[in-house]
Each structure stands twice: as C-alpha cells, then as structure tokens.
Amino acid sequence: MTMAVREAGTAAATRPRHIVCEGNEAAALAVAMVRPDMLSVYPITPQSSLVEHLAKLCADGRMDAEIVDAEGEHSVLSVLQGAALAGGRTFTATCGPGLAFMFEPYWRTPGLRLPIVMALVTRDGITPQSVWGGHQDAMTVREAGWIQIYCETVQEVLDTTIMAFRIAEHRDVMLPVNVCLDGNYLSYGAARVTLPDQAGVDAFMGERNINWHAALDPLRPMAVDPLTGGSGGKGPAAFLRYRKGQCRSMQNALRVITEVHDEYAARFGRAFAPLVERYRMDDAEMALVTLGSMTGAAKDAVDEARAAGRRVGIVKIKTFSPFPVEALAQALAGVGAIGVVDRSVGFRWNCGPVFQELLGVLYRLGRPVPTASFIGGLAGADLTVEHFHAVIARTAALLGGDVPDGPIWVNEND
Amino acid sequence: MGHAYATIAFEAARCDGCQDCMRACATAKCGSDDISRARLQVLPAVLPAGQPLDGGAPASFELAMCRQCGDPRCVAVCPAGALAKDVETGVITRNADTCVDCLLCTVGCAYAGIAPDPADGRVAKCDMCDGAPACVAACPTGALRHVTTARIYNEVGDWEDLFAPGLAGCQGCNSELVMRHALRRVGPDTVLATPPGCVPGMGSVGYNGLTGTKVPVFHPLLTNTAAMLAGVKRQYKRVGRDITAMAIAGDGGASDVGFQSLSGAAERGEEILFLVIDNEGYMNTGMQRSSCTPYGAWTSTTPVGRETKGKSQDAKNLPLLMVGHRCAYVATASTAFMQDFYDKLDKAIAASKHGFAYLHVYSPCTTGWRFPTERNIAVARTAVETNFVMLWEFTPQDGLHLTHPIESPRPVADYLKAMGRFRHLTDDQIGHIQAKVEENRAVIAQIAAGAAAR
Amino acid sequence: MDTRYLVVGSSHAALEAVAAIRMHDPDGSLALVTRDRHPPYSPTVLPYVVSGRSVPESVRLRDDRYFTANRVTYLPGRALVRLRPEHGTATLSDGATIAYDKLLLATGATPAIPPIPGLDRAAYHVLRTLDDALALRSAIATARRPVVLGGGLVGMHAAENLVEAGAAVTVVEMQPRVLGAYFDPIAAGLIERAFVAHGARIVTGRRVVAVSREDAATRVHLDDGDTLTTDLLLVATGVKPDLAYLADSGVAHEAGILVDDGMRTSVANVWAAGDCAQARDFLTGRPILNAILPEAAEQGRLAGMAMAGDPGTRSYAGGVPLNTYRFFGHHAIAVGTVPAGAADHLRHDAAHGRYLRIAVADGRLHGMFGVDVFFDGGVMRQLILRRTDVSAVIDRLLADPLRTGRELMSRMWK
Ligand SMILES: Cc1cc2nc3c(=O)[nH]c(=O)nc-3n(C[C@H](O)[C@H](O)[C@H](O)COP(=O)(O)OP(=O)(O)OC[C@H]3O[C@@H](n4cnc5c(N)ncnc54)[C@H](O)[C@@H]3O)c2cc1C
Ligand code: SF4
Ligand code: SF4
C-alpha cells in the first residue's frame with residue numbers, strides 16, 4: 001500500500017538545531033521525525049526513558065502516532081507485527097529480559113519480512129540479577145535474522161535510528177532492524193546532538209510504501225504464513241525458497257546500509273562508517289576490534305599509544321548482522337595481531353562472541369593472525385582508557401607469539 | 001430450493017391440555033368458539049403404551065397439525081391446483097375458489113394436516129396466521145413455540161461462505177459450522193486471525209501457498225492473537241478504513257498461553273471480535289488438557305489410570321473472566337441454539353466497532369470427546385439443558401442476562417453419559433460435577449440478579 | 001433433439017417426476033412431451049369442468065412460467081408413437097425423433113370401450129380429457145334423458161353433473177352395486193340412495209347387449225330385454241392404457257407396463273409410472289393397475305428420483321386402493337382393501353346415513369371405509385403400510401377414528 005507522507009506540522013523541528021540529550025531521548029526524537037504509524041511500548045530498565053519520551057512526544061502532539069501500552073514485550077512486538085502487516089511504519093524498544101520475553105514474536109519477524117525498527121538498549125543477561133548494560137541480550141539473539149546495528153555516540157543513535165527505517169523498508173531488504181545502543185552509557189549518557197531538519201528527513205524518507213510485499217488487506221485477500229514444509233511434496237522446497245530469499249536480503253542489506261549512509265551523509269553532512277570503521281589503521285601492525293560505545297575510550301587510548309609510537313588502530317564494527325566479512329577482511333588485511341573486545345560472553349567457545357565471529361574472517365584473510373579475546377564492560381562495568389591501554393599492551397604481546405589460550409577478563413581486577 | 005421457513009414447534013412435556021391454542025385458532029380463523037374447527041388439534045393421549053405403538057412412552061398430549069411440508073403430498077394429489085407452497089413463507093396455501101372439495105388432499109397427507117372444517121365440510125388447514133400464530137400467543141405453558149430460526153438460514157444462505165470448500169475438519173466437526181457461519185455473518189471486510197489449533201489445522205490459513213479462506217487470514221502465534229489483531233485494527237482505523245478484526249481461536253490458546261495478550265487487549269479496549277471455539281482441550285494436537293477442560297474428563301494428558309481418573313481440577317470459566325475485564329460485550333453461545341448465536345454475533349460485531357467483543361462458543365468435539373459424529377448438536381443441546389453450559393450475555397451497561405434460562409435442568413449425568421470422555425466417572429465424580437454445575441449456576445444467577453436489580 | 005431426461009405425459013405422474021428430477025438435478029436437460037394441447041390438468045377435476053364449477057383456465061397444474069423457471073422444454077400436442085430403446089430414441093407424432101438418456105412413460109390411461117354391438121356406430125361421450133369434458137359440458141345443456149354406462153367413479157361423477165343439470169339420468173352398472181371397487185353394499189347403498197333421492201335411476205346387475213340408433217336418439221338394449229332411449233350416451237366402463245407406441249420396443253407389458261419397485265421397466269433407462277404402469281400391489285404383491293391419482297403422483301415421484309440418481313430414492317411401498325368421493329354434499333372415503341377372511345368392524349347409523357367399516361386381518365389394519373364419517377385417509381394409509389397391529393385399539397378406532405388415528409400418528413411417525 002502506498003501512502004503519501006502526511007503534511008508536516010506536528011513535526012518536532014523544521015530547521016537544524018542543537019540540543020543536549022541522552023541517547024534514549026535522541027532515539028525517540030529520531031522516531032518522531034520519521035512519522036511512524038504505530039508505537040508499542042513496555043518499560044524496562046535501561047530502556048524506560050526512551051518509551052517515556054515517545055509517550056510524551058505523542059501526548060504533546062509532537063508526534064502523530066498510535067501508541068499502544070501493551071501488557072508486556074511479547075504483545076508489544078505482536079501489536080507491531082499486526083500494524084506492519086496492515087501497512088504501518090512501526091517502532092519499539094526493549095532490552096534484556098524484555099527481549100527474552102519477546103523472543104517468540106521476535107524470531108518470527110524477519111520471516112514475516114516486516115520492516116519493524118526496534119531500539120535495543122543493550123543490557124546484560126540475568127542471572128546474576130543485573131539491570132546494567134552489556135551486549136549479552138543482543139548477542140543471544142544474533143541468529144534470529146534481525147539486522148543489528150551498533151551505535152557509538154548519542155548523535156549516531158539519532159542518525160542511525162532515522163536511517164534504520166530506510167534500511168528496513170528497502171525493497172531489497174524488508175527485514176527488521178535493531179538499533180543497538182549501550183545500556184547506561186548511551187541510554188543515559190547526555191551529549192550535544194544536532195537535529196536534522198524535518199523537511200530534510202521527510203525528503204530523505206521519501207514516498208511511503210511500507211507493506212508492498214505481503215498484507216492483511218481485505219481489498220486483496222491473502223493468507224499470510226500458511227503452513228509450509230512437511231516431509232514431501234512442494235512444501236519443503238517452498239520453505240527453502242523463503243529462507244534463501246531471507247538470506248539473500250540479509251546480504252543485500254550490506255549494500256543498502258552503505259548506500260543509505262552515503263545518502264544520509266550527502267544530505268545532512270554527517271558521515272558514519274556504515275559497516276566497519278577503520279580508525280588510524282594506516283600502517284597499523286595491530287588492531288583492536290570494538291563494538292558500540294566502548295570505541296570512544298578505545299580511540300583515546302589508541303591516540304595516546306600512537307603518540308607513544310605504537311602502530312595500533314581500531315576496527316569498529318557498526319553493522320554486526322549481517323556480519324560484514326568482506327569489509328572486515330579488508331580492514332584487517334595488513335595487521336599482525338588483533339585484540340577483540342567483547343561486552344558479552346560466548347559460553348560455547350569460551351570467548352567473546354565477536355571474537356568467535358572474527359575467527360571466520362581470519363580464514364578469509366588466508367593467514368593465521370594471532371588474535372586474543374577480551375571480555376569487559378559486563379553488567380555496566382566501565383571500559384576506560386586505562387583498560388584499553390592494557391588491551392593494547394596485551395595485543396602487542398601477540399606480535400611476539402604470546403597468544404593466550406582463553407579470554408582475558410578486562411575488569412577482573414577493578 | 002434451499003429455503004428454510006418458520007415453524008410451530010410443540011413440546012408435549014409442557015402441554016397441560018388447556019386447549020387455549022385451539023380456542024385461539026377457532027376464533028382467529030372462524031370467529032367461532034367451537035374448538036373442533038381449530039386447525040390444530042391437541043388431543044389427550046388415551047392409548048396404552050407399548051406394542052404396537054412403537055413410539056415409546058406416550059406423552060400426555062398429542063398434536064395434529066400441518067407441518068407445512070417441504071415436499072407436500074397434499075399439493076401433489078390436489079387435482080385442482082388449489083394447493084401450493086408459498087416460496088416466501090413456506091406456508092401451504094389453499095385457494096378456496098379453485099378447490100373442488102374432492103378431499104383427496106386428506107388422503108395425501110400423512111399428518112392429519114388438512115381436514116374438513118366440520119361447519120362447512122370444506123377442507124381447512126393451518127396458514128401460520130401470516131407469521132404471527134394465534135395459537136402460540138395463546139399457549140400459557142410455552143408448549144407451542146414459533147421457531148423463526150429459518151429467517152437466519154435464509155439470510156445466511158445469501159451471504160458468501162468465506163471459507164473455501166473442503167476444509168479438512170473431522171467428520172461432524174462443530175468448529176467448521178461455527179467458523180463458516182460466523183465469518184459469513186461478519187463479511188468480507190475482515191482480517192481474520194486463526195491461532196494454531198483446529199481452525200487453521202483444517203486448512204483455513206492453508207498449506208504450502210494455498211489458502212482456505214477468502215478474507216485476509218493469518219496464523220498469529222498461539223500466544224499473541226489479540227495483540228496482533230490490535231495492531232491490524234489500529235492501523236486500519238488510523239488510515240480511516242473500517243475493517244473487522246476477528247479472531248477465531250481455540251480455548252487452549254485463549255485460556256492458557258494466550259491469556260495474557262487476550263487480557264491485555266481486553267483491558268485496553270482494543271476493537272476486536274474475539275471468538276473462542278471451546279472444545280475443552282488441545283484437540284488439534286491430540287486431545288491434551290487445557291484449563292477449559294472440565295473436571296473428570298479424559299484427555300491424553302489426563303488419562304484414566306489406577307490413581308487418577310481424568311482431570312482432577314475444574315475448568316477455568318474464561319467468559320466470566322472476560323466479564324471481569326468489563327469488555328464491551330461478552331457472551332456464551334452454542335450451535336444447538338443458532339438464533340441465539342446469531343443474535344449474539346450481531347451484537348458482538350457492533351460492539352467490536354467501539355470496544356472488545358468476546359464470544360465464547362461451546363463446541364462439542366466428536367473426536368476428542370468420543371461420541372458418534374451425528375450427535376454433535378444433540379450433545380451441545382444437552383450441555384445447555386443440563387446447565388453444564390449456560391447461555392448468557394454481558395454488557396457493562398446492562399450487566400449479565402441469561403438468554404436461554406433453563407427452568408428445570410436435566411441432571412448433568414444425562415450430558416456426561418452422552419460421550420466417551422466421561423465414561424469412567426465414579427458416582428463421586430458425577431456428584432462433584434453436579435455440585436459444580438449448581439455452584440456455577442448460583443454464581444451466574446447472582447450476577448444476573450445484580451444486573452436485574454439495577 | 002437430444003435430452004438427458006425425456007418425460008412423456010403431462011399429468012400427475014409426469015409432473016411429479018419433473019419436480020423430483022429438478023430437486024436433485026437442477027440443470028440436466030429435460031423435455032416434457034404430451035399428446036394434450038392444453039396446459040397440464042388433472043383428469044380428476046374434469047367432472048367439475050363438466051358441471052361448470054371449474055373453468056379450464058383455473059385447473060392448470062403448471063404454467064409456462066414454471067417450465068421456464070425449471071428449464072423444462074415443454075412440447076405439447078405431440079404424441080409418442082414409437083419407442084426404440086436400443087437406440088435410446090423416441091419418435092413423435094409430428095415425425096420428430098428425440099434421443100434420451102433416461103425416459104419416463106407416464107401416458108396414463110384412456111377410456112376402455114366395451115365390445116357392445118352397435119356401439120361403434122352410435123354417438124357417445126367419454127370423459128378423460130379436457131376436450132371430452134368441454135364436449136360433454138355443451139351436450140348436457142340440451143340432454144333430457146342421458147344414460148351413463150358404468151357406475152364407477154367417472155360414471156357416478158358425470159351422473160351427478162347430469163342430475164344437477166336437471167336431466168333424468170340412468171346409470172347402468174353390470175356389477176350388483178355401483179363403485180364396487182371401493183365400497184361394500186351398505187356404503188354403495190347409501191350412495192345409490194342419494195342418487196335416487198335426487199331423481200336418478202340406478203340400474204345394477206344389468207349388462208348392455210346392444211346399442212342402436214334411431215334418428216337423433218340412441219337406444220340402449222339391456223340383457224333383461226329393457227331398452228333405454230337416450231339423447232346422450234356416456235361410456236364410462238373403465239380405463240386401460242393405450243400402449244400402441246410400445247410395439248417392437250421390447251418393453252414388457254400386460255394390460256399396463258410392468259415395473260419393479262423402482263418404477264423401472266424391463267428395458268434399461270426406461271421407467272414408467274401412473275395409470276399406464278402395472279406396479280406391485282401392497283396386499284397381494286402382484287403387479288396391478290391401480291389407476292388412481294395418489295398412486296400416479298407417488299410413482300411419478302419415485303421414478304423421477306431414480307432417474308436423477310437421488311440418493312434419497314426409496315422403493316415403492318406397493319399400491320393401496322384409496323379414494324375420496326363427494327356426492328350431493330356427502331362424502332365417502334375408502335382406504336385399503338378387505339382381504340379374504342378379514343374381520344369386519346362396523347358401525348352404521350342408518351338414520352343419518354353414517355357408516356364406518358374397518359377391515360382387520362391378523363390384527364393388522366387393512367382397510368377403512370366410511371360414508372359421512374370423516375377420518376384422515378392419509379393417516380390410515382400409513383397405518384396400513386406400516387402393517388400396524390390395531391387389535392388393542394380397534395374399539396377406539398371404530399368409535400373415534402379421527403382422534404385415534406391422530407394419536408397413533410403422533411406416537412409413531414410425528
Ligand atoms: C373423471 C375422472 C375422475 C377421476 N376421479 C378420481 C378420483 O376421485 N380419485 C383418484 O384417485 N383418481 C381419479 N381419477 C383417476 C386419475 O385422474 C388418474 O389416476 C390420474 O390422472 C393418473 O395420472 P397419470 O399421470 O398416470 O395419467 P393421466 O392423468 O391419464 O395423464 C396421461 C398423460 O399422458 C398424455 N399422453 C397419453 N398418451 C400419450 C402419448 N402416446 N404421447 C404423449 N402423451 C401422451 C396425456 O395427454 C396426459 O397428459 C379420475 C379420472 C377421471 C377421468
Ligand atoms: S397438509 Fe399434510 S401434506 Fe400438506 S403440507 Fe401440511 S402436513 Fe404436509
Ligand atoms: S379438497 Fe380442495 S384442496 Fe383438497 S385436494 Fe381437493 S381440490 Fe385440492
């Protein structure tokens with residue numbers, strides 16, 4: 001169904017302006033600018049202020065959207081699925097236990113090919129009971145089929161949230177997107193951000209055509225998601241066709257994410273590396289691989305290390321799903337040692353999940369680069385410049401052949 | 001063809017032989033108080049029981065009157081073309097001008113439906129008083145009823161069946177009946193959710209790219225039907241389109257794992273028509289227990305063993321819980337009472353345009369409850385006649401009202417013995433169920449009395 | 001012309017068959033061929049046409065609208081003259097040939113003309129068709145001394161018409177009483193009494209030996225030497241099917257076409273019903289001509305159902321004699337037969353001319369006959385067909401046949 005962009009007027013802003021806000025508010029403001037149809041919310045720390053901002057924006061008439069205060073995250077996402085199947089642009093946010101409760105509709109959303117955008121205010125897993133940041137929730141669902149994009153700064157949260165809708169709704173993609181912002185550090189961290197002008201966002205979003213592929217519309221009745229598969233007949237082949245299409249779209253997303261970031265940069269003058277950011281990687285003999293807000297401290301540490309003559313750089317992953325294998329292989333092509341810093345654990349391999357994924361990239365590089373897994377920042381722990389100096393030192397040791405046989409727990413002695 | 005008509009039904013057990021009906025008929029039709037001229041004859045039964053009268057125990061009173069046959073023999077034998085079936089009303093009419101008084105119709109009819117009026121010797125028969133039978137109005141005991149359900153079937157016959165033919169339900173399945181009737185009534189501007197269970201199991205959402213439904217239909221999760229529909233409905237409302245968001249769900253999904261989303265949607269007043277087909281268990285997956293399964297019932301997870309015999313807890317009263325949500329409309333229904341069901345469907349559709357409408361249809365399951373396939377409606381009726389199932393409706397404005405009160409309910413054992421899932425019950429268990437029926441009746445009566453007192 | 005169903009005749013048997021076919025097969029091509037030119041009517045109504053009580057326009061049993069609505073090709077004024085079942089074809093009097101899949105012969109009966117010397121040269125009337133009735137009607141106006149040959153139903157009906165027209169009628173019946181096929185001497189006596197009271201003369205037990213003409217008058221010579229001079233002679237000495245069209249067809253027949261309990265003839269795809277058919281007698285099990293309207297209707301219906309393949313098809317219960325007879329404001333009803341050795345239960349109110357006779361054999365009801373005692377003939381017919389043992393209720397049945405029959409009905413098949 002095609003729907004023209006509604007007239008501006010309730011929009012948050014019409015010309016660029018600067019404000020100071022936390023990441024949760026930045027996400028909410030971005031959502032208002034894309035003029036969603038339906039929001040569904042349920043509060044959970046550290047996401048709560050995000051949905052409070054959404055509610056306020058609606059209550060104040062600054063955003064014209066339906067807001068459904070559902071009785072739990074499971075219904076939150078289910079309401080959005082219904083709305084998206086009826087052609088709506090939708091958004092929600094959750095984290096940790098909320099995501100776990102939501103899992104049943106969550107892992108169904110990509111299969112339904114619904115372009116839902118969800119902020120994942122990342123939170124560590126329970127138990128031990130914890131309400132603080134960490135990537136364990138997002139990492140746990142990394143095979144559910146969502147696009148997952150990690151932000152580094154509050155500004156990036158705002159801009160990425162806007163871009164996420166374009167990516168999700170792209171005809172070659174049609175997949176849900178998690179915009180991941182680190183619990184505590186980005187959710188509550190206040191920073192000065194520049195708001196894009198509403199007219200510019202409207203133009204950037206373009207003609208609305210969200211639900212062109214499948215719909216629950218009495219004007220063109222169809223069955224959505226009939227039973228598919230079985231042990232014989234054409235069922236399993238049909239199932240395979242759907243799955244293959246989903247995988248292809250995930251790969252298409254690598255291109256689309258890049259194009260959307262380029263377009264955004266051209267229009268608004270703010271550029272972010274779409275898949276992988278190379279920081280001071282020219283002539284680097286070793287690289288740190290980071291994800292999310294920790295990258296700020298890592299960059300400060302690298303700057304200092306460079307000043308001290310160390311040839312170290314950073315490869316920051318922005319797009320974690322789909323995993324940018326090619327971009328990473330290129331970024332890491334010349335290094336002799338890699339230190340991967342994870343904010344969650346991979347229980348099965350006794351290492352960080354990003355580390356584990358990166359091992360596949362090394363295979364693509366065609367040479368066994370010494371690599372170490374660092375795990376830090378769990379349950380809200382801070383990853384400071386000092387921690388990264390330790391990481392750099394330990395990574396340098398890899399160059400001499402000192403490869404640890406297990407993960408290095410960064411905050412162990414804090 | 002395919003037309004159904006109103007009829008006059010006679011329940012011999014209620015008749016006390018007062019003959020008010022005959023007086024009313026004689027007055028209405030002949031302006032006379034001579035009851036021998038009435039076109040229905042209530043006769044005190046005087047013949048003994050037993051052979052050769054193989055009809056079983058005699059009722060106290062018998063009735064002779066025209067049945068307004070579908071294939072009337074009186075018409076077939078009339079040489080004058082004086083008798084005809086009125087296609088609109090179904091009444092067999094006689095044209096007094098062309099009738100030649102040959103009496104052949106009286107030998108054609110096997111029901112004593114047409115006979116000479118003793119006053120003039122010309123044949124006369126019941127003409128249903130133009131749709132308002134005087135006899136029924138005069139009957140003080142309710143033994144005579146004017147059954148007008150046919151109107152619904154005729155109307156329904158004109159609506160499109162929005163399910164494809166060939167849904168693969170079990171033989172004699174009541175759910176298919178409920179689904180087809182309900183969706184026909186609701187109409188094509190509908191988005192239908194059928195969570196996993198018998199309804200999609202018989203192919204309504206379809207298999208491998210084929211669909212069984214002519215309106216947009218989807219499988220929600222077992223757990224999120226109400227929430228997904230809420231999203232669909234709100235989005236359409238937002239863009240100014242009036243659709244009916246309808247669920248046809250099973251009792252298991254609704255009362256157990258899907259109850260949270262149901263409760264949430266009801267509390268928020270989502271504009272949904274939520275129809276539960278209560279076959280008292282997870283029948284599609286092999287007849288496991290749900291919280292709507294009644295006490296004592298065999299299911300594949302409450303087997304009959306040495307230690308326990310069937311389910312050891314009472315059923316959750318889901319419709320009453322929905323009353324607790326103060327939904328815009330809540331009602332229970334049964335396919336043995338289609339007119340009642342249709343009335344409630346109409347109200348539920350209307351309510352779903354401004355709030356949450358909940359319809360709970362009791363649906364005997366031939367396969368899971370273990371009774372012969374042709375007994376479905378009889379079992380459904382017995383459930384109501386024993387008060388095992390009570391038919392009522394609720395709105396926040398008018399409270400709860402019984403729509404088909406049973407004045408002298410039959411013992412619940414009559415219901416229990418109609419099916420295999422209760423075959424093992426001990427007398428104690430039957431006593432427990434009877435007591436629960438009484439308790440439930442008292443609870444409902446109390447709520448209804450509260451409503452009446454307002 | 002090709003048709004799926006071909007029905008020959010347009011009276012009760014034929015019309016019921018058409019209705020039954022259309023109940024089950026709304027679309028199969030169906031043609032109705034009839035010798036008569038008038039819209040369908042019943043021979044039974046003809047006495048009322050003669051008397052003027054009915055007019056030809058009001059006695060039609062179906063009209064063109066019915067045939068159109070039911071997609072029946074109605075071909076009046078054409079007689080079946082030849083049947084070739086081996087080709088599945090029927091040849092009509094206009095030379096046309098119709099190819100059929102299934103054929104029903106419902107050609108009824110025609111007056112049987114007795115081999116009385118001189119009759120073939122005399123002018124006489126019969127009463128079987130509407131044209132007969134109209135001819136008789138105009139003759140009545142001037143007739144002074146009509147003679148009716150035959151005291152069966154047709155003869156007695158016509159005699160009453162003549163009496164009411166003011167003529168001095170004589171009925172000559174060979175049997176010892178009129179209406180002997182239906183009524184016993186007491187009942188017949190009551191009927192004869194009524195005729196005599198209205199000025200008719202009933203001559204029973206006399207045969208006509210010759211008929212001669214003298215100028216305008218016709219003389220009827222009886223076997224006792226008596227001679228009746230008449231200006232209107234009506235021959236009503238019974239009916240017989242006219243089956244000339246069956247020559248060389250292979251369809252087995254005696255006086256009528258032999259049919260089984262499915263109204264099937266000896267030849268594939270050919271059925272017969274009504275007055276032309278010889279079907280099983282309920283009492284004796286032998287094939288009989290039971291030329292009455294209710295049987296014609298019933299047989300026609302069964303044949304139609306069988307032809308259409310209606311799964312509800314039942315087999316014929318067997319013929320039961322059945323009649324109602326109205327005379328001078330009185331009525332007589334006869335249902336069933338009196339088998340040899342039957343016990344008779346009688347009541348006779350000579351003063352009021354009311355009579356009831358019940359025939360019971362082996363406890364079972366076999367027949368009920370009444371004059372001015374009304375009972376539900378259709379109910380009694382069912383009791384007979386169900387071989388109901390009425391010995392326990394016989395007194396009540398005799399005292400109050402109406403209520404007792406209705407109570408039995410309510411209990412047994414309501
Ligand atoms: C005066 C009278 C009074 C009667 N009273 C009674 C009564 O009171 N009670 C009772 O039960 N019965 C009565 N009958 C008998 C009753 O009318 C018949 O039993 C009944 O009509 C038989 O119906 P049918 O369809 O078999 O044949 P019919 O009514 O005889 O019709 C035969 C049809 O076939 C057509 N036909 C014949 N030959 C051909 C051919 N070769 N080709 C094409 N078409 C052909 C005719 O035109 C006619 O349409 C009476 C009959 C008469 C004449
Ligand atoms: S009079 Fe008798 S045959 Fe005619 S419609 Fe009524 S019940 Fe049927
Ligand atoms: S009595 Fe009248 S209505 Fe009955 S069969 Fe005869 S003509 Fe028809």
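Predicted model: local features only at pLDDT ≥ 70, side-chain atom pairs only at ≥ 80, totals over all residues.
How many salt bridges are counted between chain B and chain C? The count is 5, where a salt bridge is a side-chain nitrogen of Lys or Arg within 4 Å of a carboxyl oxygen of Asp or Glu.

Residues are numbered from 1 along each chain as its sequence is written, chains are lettered from A and ligands numbered from 1 in the order in which they are written, and side-chain values use heavy atoms, with hydrogens and water left out.

**Stop 1: chain A and its two domains**

Select chain A and colour domain 1 (3–215 + 243–268) apart from domain 2 (277–409); domain bounds here come from an automatic or database domain assignment. Their centres, taken over C-alpha atoms, are 28 Å apart. Domain 1 of chain A puts 28 residues into the contact and domain 2 of chain A puts in 30 (contact means heavy atoms within 4.5 Å).

The two domains of chain A bury about 2,200 Å² between them, with 53% of it on carbon and sulfur atoms. Buried area is the accessible area (1.4 Å probe) that two parts lose on being put together, summed over both. Now show Arg142(A), Glu152(A) and Tyr185(A): in domain 1 of chain A, these lose the most area to domain 2 of chain A, together 30% of what that side buries.

Stay on Arg142(A), whose side chain meets that of Glu357(A) in a salt bridge (2.9 Å, N to O). Across this domain interface of chain A the rule finds 6 salt bridges. It also finds 20 residue pairs in polar contact there (both at pLDDT 80 or more). A polar contact is a pair of N or O atoms within 3.5 Å; within protein, one must be able to donate a hydrogen and the other to accept it, and residues adjacent in sequence count only if both atoms are side-chain atoms.

Switch to cartoon and look for helix H7 (136–140), strand E6 (147–150), helix H8 (154–169) and helix H10 (235–268) of chain A, each of which supplies at least two residues of the domain 1 side. Helices (H or I, at least four residues) and strands (E, at least two) are DSSP runs, numbered from the N terminus. H10(A) gives the most to that side, with 6 residues.

**Stop 2: chain A against chain B**

Bring chain B back. This contact takes 43 residues from chain A and 39 residues from chain B. The area buried between chain A and chain B is about 3,100 Å², and carbon and sulfur atoms give 58% of it. Pick out Leu216(A), Pro218(A) and Leu227(A), which supply 19% of the area that chain A buries against chain B, more than any other three residues.

For a charged pair, zoom in on Arg268(B) and Glu71(A), whose side chains meet in a salt bridge (2.9 Å, N to O). Between chain A and chain B, 5 salt bridges are counted, and 17 residue pairs are in polar contact (both at pLDDT 80 or more). On the chain A side, strand E3 (66–69), helix H3 (73–85), helix H5 (103–106) and strand E9 (223–224) give two or more residues. H3(A) gives the most, with 8 residues.

**Stop 3: chain B against chain C**

Here 46 residues from chain B and 45 residues from chain C make the contact. Chain B and chain C bury about 3,900 Å² between them, 61% of it on carbon and sulfur atoms. Centre on Asp101(B) and Arg53(C), where the side chains meet in a salt bridge (2.6 Å, N to O).

**Stop 4: ligands beside chain B residues**

Next, select ligand 3; the residues around ligand 3 include Cys78(B), Cys99(B), Cys102(B) and Cys105(B). Asp101(B), from the salt bridge with Arg53(C), is also one of the residues around ligand 3.

**Last stop: chain B as a whole**

Zoom out and colour chain B by domain 1 (6–149) and domain 2 (155–452). The centres of these two domains of chain B, taken over C-alpha atoms, are separated by 39 Å.

Definitions and conventions
Near = heavy atom within 4 Å.
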